[in-house]
Every structure is written in C-alpha cells, then in structure tokens.
Amino acid sequence: MDILEVGIPGKWEPNLPDGHISHFALDIGGSLIKLVYFSTNDEFDVVDKAGRLGKQSLGKGRFHFANFETSKINDCLEFIQTKQLHLGGCQHLEAPPTDTTIIKATGGGSYKYADLFKEKLGICLDKEDEMDCLVAGANFLLKAVHQEAFTFMHGQKEFVNIDHNDLYPYLLVNIGSGVSMLKVDGEGKFERVSGTNVGGGTFWGLGRLLTNCKSFDELLELSHKGNNRMIDMLVGDIYGGMDHSKVGLSSTTIASSFGKAVSDNKELADYRPEDISRSLLRMISNNIGQISYLNALRFGLKRIFFGGFFIGGHTYTMDTISVAVHFWSKGEAKAMFLRHEGFLGALGAFMSYGKHGFDDLMFHQLIQSAFLAGDKIGSPTNGKLSENESI
Ligand SMILES: Nc1ncnc2c1ncn2[C@@H]1O[C@H](COP(=O)(O)OP(=O)(O)O)[C@@H](O)[C@H]1O
Ligand SMILES: CC(C)(COP(=O)(O)O)[C@@H](O)C(=O)NCCC(=O)O
C-alpha cells in the first residue's frame, strides 16, 4: 500500500494528524484500488437541511491519496476501517436518514465488489462512470493544480503552463490495466475514441511470466538495469549496421521487439531478466505512444495527456512514450504527463459528490477551500509523487 498526501497550500507535513475526514472516494480498477480522501483540521458543528448534525470545514484541508492492489482488497477495507473513513461519508439529503453510508466509487470493481463493501463496512457504493470520472479528474487537476502537467524527454522535465482558455480539445490517454483514449472537448464533454488491450496489465503480466519477478516495482527496477538491444532486433541488425535513411530509420531504431530471440537460438533462461524487462517496457510504451499519436492525428489534436498508474512517474516509461509521439508526429504533437496520473478516476469520483445533492453546501465549501488556499493546490517541483517528497 502506498499513501501520498497533498498539503494545501503546498507544504509537506509528514506527521500531521488526519483531522476530520469529510469525504472519500474510490476507483477500483483491474489492478489497483485508488482511494482519495479529504481531511479538514478546523471545523464547527452544522445542522443540515434534514436536521442532521454534521461538521463544516473552515476552509483548510488536505487531499490524501492511497492505493492498494485490487487482489489485496482486504487491505483496503482494513485501511478504511482503521481510519474510519466510512464514518465521514455522507448521506443523501433527499433520502430518509439511515445508517448506510454512501460512497462515490468508480472503476469495474465498484460493480464487482459492491456486495463486499456493503457486507464488511456497511458502505453502499454509489457508482460513477469510469470515463466521466477520468475526464472530471483530469480537468480538475489541469485547472486547479499548479505544475500538474509536464513534458519529459531525453531526461529533461519541463512543466507546462496550462491556459484555462485554451485547454480543449485534448487527448487523454489513461494507461491502466488496459488503455483508454478519450477526446476531451470540455467539462463533461468527451468521447472515448479508442483503446488498446496492450497496457499496464500486459507489461506486468507478461513481465511476471518471463522474469519471475514478484512485484511490479521489482520488474520496473530490473528494466532500469537492462539493455533492450540484447533481445530487440534493430534496423542496424537487419541492414548490416547501416541506417535505412531512405525511409527515415536510423540503425538504432527497433525494427522488431523481441526479434532477436528468433534467431539467437537461446532459451528464456539464457536472457537476462533485466534485458527482457527493458525490452517489454519499451515495446509497450512505444506502442501506446504510437496509437495515441495516431488518434491525436485522427482528430487534429496537438496535446496528449497521459495518466494511469502504468506510468508511475518512471522516467524511462515517459521518455519512451514521448519519443514515440515525437517520432511519429515529426515533432508536431507533445506528450504530457500528469503528476497525479494514477488518481484521475478517484478524483473524478470525489468531484461527483458535488453533482447529486450530497450535502451540497459542505462539499462545495470543501472543494473551494482547495482552490482558495493560494488558488492552487501545491505540487513538488521535482516531479514524482512519493511518500517522502515535499508537496
Ligand atoms: N504495485 C503495483 N501493482 C500492480 N500494478 C502496478 C503497481 N504499480 C503500478 N502498476 C501498474 O499500473 C497498472 C494499473 O494502473 P491503474 O491506473 O491503477 O489501472 P487499473 O484501474 O486498471 O487498476 C498495472 O497494470 C501496472 O502496470
Ligand atoms: C476496460 C477498461 C476501460 C478498464 O479500465 P482499467 O481498469 O484498465 O483502468 C480498460 O482496461 C480498457 O480501456 N481496455 C482496452 C479495451 C480496448 O479498447 O481494447
């Protein structure tokens, strides 16, 4: 389990108590459960329209982010129980008061595990569409979070200034277990234009089988030490060390991922797991970069934002995707990454509390507090969100 915290207005406060937890939302995906909750430290008692006593924030708070492997859903249930997140949830104002807490949730697991949440925690999952949530989460982050989007190429990271008046249209590519590609035209205005089943689950699944790695992080770690040229067939391997310049292919371009394994006359055990992992990561990242660009081209989109936990802030993954987009677009399109990449859906589900009459007043106050504290939610300047970095 990883827990990340975003402080408002932007300072890392490692051991701050959670304070009053007012809302939480879930995105239960094929591989990971993402959980977002908001805590406030200053609060006072309020009575809502239905006469129920509640707490209202004075406008200071923090978003907290946590994730769990979906296969270890019990860890997530335990976390919710221990933190008593479900006691801070909300009840629908139009419904008669009940003991049931309604929690916004998205992702396929919000259907699959609805009964489990009800049975173990008495939580009723209020399902929000996964694509709606991805888009709502991305739009929120791009508009509200300072230095949320950045480019990454050849080891260079550059934050992108987002002009709120010139944000749309853009292509949102969410690389989770599988990959969804959405053309976003505005708030709630989007179309899922494509997708591919070769995604993060493919990297982890194939990688696990080929290397015997026991965790995703171990597989990624291996890829850092690997050399894909040991397995990939390069243009130079085919052209006797030469470029195929007539069609713009340099000798170092991968002609065929894993292609060397055909003629090497080696067994799996003869290859280093590091090289296999590197080759696999490159194959999948390249492929996603290429399909993304082709979809951007289809709709004349210049900006492509990548999200999803597959990226995980990993430099090599981002570099490969960026190079693929740059290569295929001849420098016309730009790959951009999001600091809260894996939490788009969960944030979108969180935002949806505001939509359906769930103690409206408190919710809007809460979200607004995030905007008001220095106007933007702070971000670290060095990129990857991790448990120990300044935010
Ligand atoms: N600890 C982890 N366990 C499993 N997969 C991980 C982990 N960290 C990153 N990943 C990658 O993230 C992908 C899941 O991304 P995510 O956006 O959470 O999608 P989903 O909603 O399908 O769970 C996995 O397929 C894998 O490539
Ligand atoms: C089915 C999904 C939307 C589920 O989302 P995920 O849990 O992978 O984040 C996604 O895996 C996907 O878009 N798969 C690709 C399907 C396709 O277009 O071929």
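This is a dialogue on how the terms used for this predicted model rest on their cut-offs.

Student: What are the ground rules?
Tutor: The model is predicted, so local features need pLDDT of at least 70 and side-chain atom pairs count only at pLDDT 80 or more, while totals for chains, interfaces and linings use all residues. Residues are numbered from 1 along each chain as its sequence is written, and chains are lettered from A and ligands numbered from 1 in the order in which they are written.

Student: Why is A144 called partly exposed?
Tutor: A residue is buried if 20 or more other C-beta atoms lie within 10 Å of its own, exposed if 12 or fewer, and partly exposed in between; C-beta atoms are placed from the backbone. A144 has 16 C-beta neighbours inside 10 Å, so it counts as partly exposed. A144 is in helix α4. Its C-alpha atom is separated by 24 Å from that of I28, 116 residues apart along the chain.

Student: What makes α4 mostly covered?
Tutor: Of its 15 residues, 11 are buried. Among them are E130, C133, N139 and L142. In the protein, 43% of the 391 residues count as buried.

Student: How are helices and strands called, and how many are there?
Tutor: Helices (H or I, at least four residues) and strands (E, at least two) are DSSP runs, numbered from the N terminus. The protein has 12 helices and 17 strands.

Student: What covers the buried residues of α10?
Tutor: The cover includes β9 (149–153), α9 (273–298), β16 (303–307) and β17 (334–338). The buried residues of α10 include M318, I321 and V325.

Student: What makes a set of residues a nonpolar core?
Tutor: The members are buried Ala, Val, Leu, Ile, Met, Phe, Trp, Tyr and Cys residues joined through C-beta atoms within 7 Å. The largest such core has 85 residues, and V36, L172 and I304 touch the most other members. Domain 1 (2–132 + 342–372) and domain 2 (200–231 + 271–338) both give residues to this core, so it lies between them. Those bounds come from an automatic or database domain assignment.

Student: Which residues does V36 touch?
Tutor: Contact needs C-beta atoms, placed from the backbone, within 7 Å. Not counting residues up to four places away in sequence, V36 touches F24, A25, F63, F65, F343, A346, L347 and F350.

Student: How many residues of each domain are in contact with the other?
Tutor: Five residues of domain 1 are in contact with five of domain 2. The side of domain 1 that touches domain 2 has two nonpolar, three polar and no charged residues.

Student: What puts a residue in the shell around a ligand?
Tutor: Its C-beta atom, placed from the backbone, must lie within 6 Å of the molecule. Ligand 1 has 18 residues around it, and G29, G176, S177, G200 and F309 come nearest. Helix α5 (200–211) gives the largest share, four residues. Ligand 2 is surrounded by 13 residues, with G29, G176, S177, G178 and G195 the closest.

Technical notes: Contact = placed C-beta atoms within 7 Å. Nonpolar A, V, L, I, M, F, W, Y, C, P; charged D, E, K, R; others polar.
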